[in-house]
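Keep the structure open beside you as you read.

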Amino acid sequence: MTTTIRETSSPATTSTGKDTKPPKRRRNRGYAGSGRDAWLLVLPALIPVAAFSVYPLVQGILLGFTDAKAGLNQVVTFNGIDNYTELLGNELFWNSFRIGLVWAFGVTILQFLASLGLALLLNLDLKLRWLARTLALVPWAMPPVIIAIMWRLMLNPTYGPINGAMEAVGLPGDINWLGDFSTALPAVIVVGVWAGMPQTTITLLAGLQNVSADLHEAASIDGANTLQRFWHITLPALRPVIVAITTLDLIWNFNSFALVYVLTAGGPGGQTMLPTLFAYNEAFRYGNFGYAAAMGNVMVVVIAAFLFFYLRSQARSRLS
């Protein structure tokens, strides 16, 4: 009996007896190329940002450590932290800083409350809702200087319509809203609230439209009233939007300049002197560029703190 033995070839050999190796995977060179291509596409947008934002910011920070002054052929020398030690004892600046915080927080809080009420109203299914939403955007389309001029005319103590309306209903009609120590800052805050409401209202309105109607319907079936549904459903759903828009509003309001400058220029008696106005006067009225830049650096630190809390809250909301 003849036995036939078959030879089994290993995976590395073929019928011809030649060794073969599994094909090597080619490196995906497109990934690195795509990264370079992405940077090339972003570069045209980064160049103006670096030229008009990053470079002036760095120059301003460095200028705060010098004794730069206005004038031709002025020798600029590095003076370390002398500007900041002098700034620590400048009570006028810290008073303007306090006024700036009162202004920023006051405008932001009142602006949020008014915008939330307006957004809730505009979210209802009312007639001519499109017209109301359009009119709500009117202040957003107006430059701050135009808004300030318009409100100066309205608040004029002699011929302003606000005093005229108050006198018509039997109230005092001779109030100098922007010239009196007790009313200047509240009046400016009201103008700031009116000017900043549109963007806050639109942002909150967009958040309200993303709140599920099924949750409200289910809560209504369970017996929850309108206030309970707002407190337990609407507000929690709006929390990321509220944190984002209030933080950004706080930063924008703290940096306000044109609106208050045209309204009062910091008066009367410095009652509306924001830090931006104080630094502006120090630089362009008194010519102390280095000292004014140090004030700007202090404000940058405050704004950076606001940004830190904003970014941290955004990160937490994404994780949750």
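**Helices and loops, step by step**

Start with helix H3 (residues 91–122) and helix H7, which pack at an angle of about 45° with their axes 6 Å apart. Because of that angle, H3 counts as oblique to H7. The crossing in which H3 passes H7 is right-handed. As for the residues that make up the contact of H3 with H7, 20 are nonpolar and seven are polar, while no charged residue takes part. Please bear in mind that you are looking at a predicted model.

Now stay with H7, which spans residues 184–208, and look across to helix H9, residues 226–254. Here the axes come within 9 Å and cross at roughly 160°. Angles over 145 degrees count as roughly antiparallel, and so H7 is roughly antiparallel to H9. H7 passes H9 in a right-handed crossing. Which residues bring H7 and H9 together? On the H7 side you will find Gln199, Thr200, Thr203, Leu204, Gly207 and Leu208. Facing them in H9 are Thr234, Leu238, Val241, Ile242, Ile245, Asp249 and Trp252. Sorted by type, the residues of this contact of H7 with H9 come to seven nonpolar, five polar and one charged.

Is Asn253 buried or exposed? Its relative accessibility is 9%, and therefore Asn253 counts as buried. To see what surrounds Asn253, set aside its neighbours within four places in sequence: the residues in contact with Asn253 are then Trp103, Ala104, Val107, Thr108 and Gln111.

Next, step back and take in the whole chain. Its secondary structure consists of 12 helices and zero strands, so the pattern along the sequence reads α-α-α-α-α-α-α-α-α-α-α-α. Of the 320 residues in the protein chain, 35% count as buried. The accessible surface comes to about 21,000 Å², and 65% of that area belongs to carbon and sulfur atoms. How many of the contacts between residues at least 6 apart in sequence join residues at least 24 apart? In the protein chain, the share is 64%.

The loops deserve a visit too. Between helix H1 (29–63) and helix H2 (82–88) lies the loop that holds Thr77. With a relative accessibility of 38%, Thr77 counts as partly exposed. Not counting residues up to four places away in sequence, Thr77 touches Phe65, Thr66 and Asp67.

Finally, move on to the loop between helix H10 (258–263) and helix H11 (275–285), where Pro268 is found. Most residues other than glycine have a negative phi, and most peptide bonds are trans. What is the peptide bond from Gly267 to Pro268? This bond is cis, with omega near -5°. Ala265 lies in the loop between H10 and H11 as well. The phi of Ala265 is positive, at about 55°, although Ala265 is not a glycine. With a relative accessible area of 41%, Ala265 is partly exposed.

Conventions
Residues are numbered from 1 along each chain as its sequence is written. This is a predicted model: local features need pLDDT of at least 70, side-chain atom pairs count only at pLDDT 80 or more; totals for chains, interfaces and linings use all residues. Side-chain values use heavy atoms; hydrogens and water are left out. Axes are lines fitted to C-alpha atoms, for helices over the stretch in contact, and angles run from 0 to 180 degrees between N-to-C directions. Helices (H or I, at least four residues) and strands (E, at least two) are DSSP runs, numbered from the N terminus. Angles under 35 degrees count as roughly parallel, over 145 as roughly antiparallel, 65 to 115 as roughly perpendicular and the rest as oblique. A crossing is left-handed if the near helix is turned anticlockwise from the far one by less than a right angle, and right-handed if clockwise. Contact means heavy atoms within 4.5 Å. Ala, Val, Leu, Ile, Met, Phe, Trp, Tyr, Cys and Pro count as nonpolar, Asp, Glu, Lys and Arg as charged, and the others, Gly among them, as polar. Buried means under 20% relative accessible area, exposed over 50%, partly exposed in between (1.4 Å probe, protein chains only). Accessible areas come from the Shrake-Rupley method with a 1.4 Å probe; for residues, only the protein chains shown count as cover.
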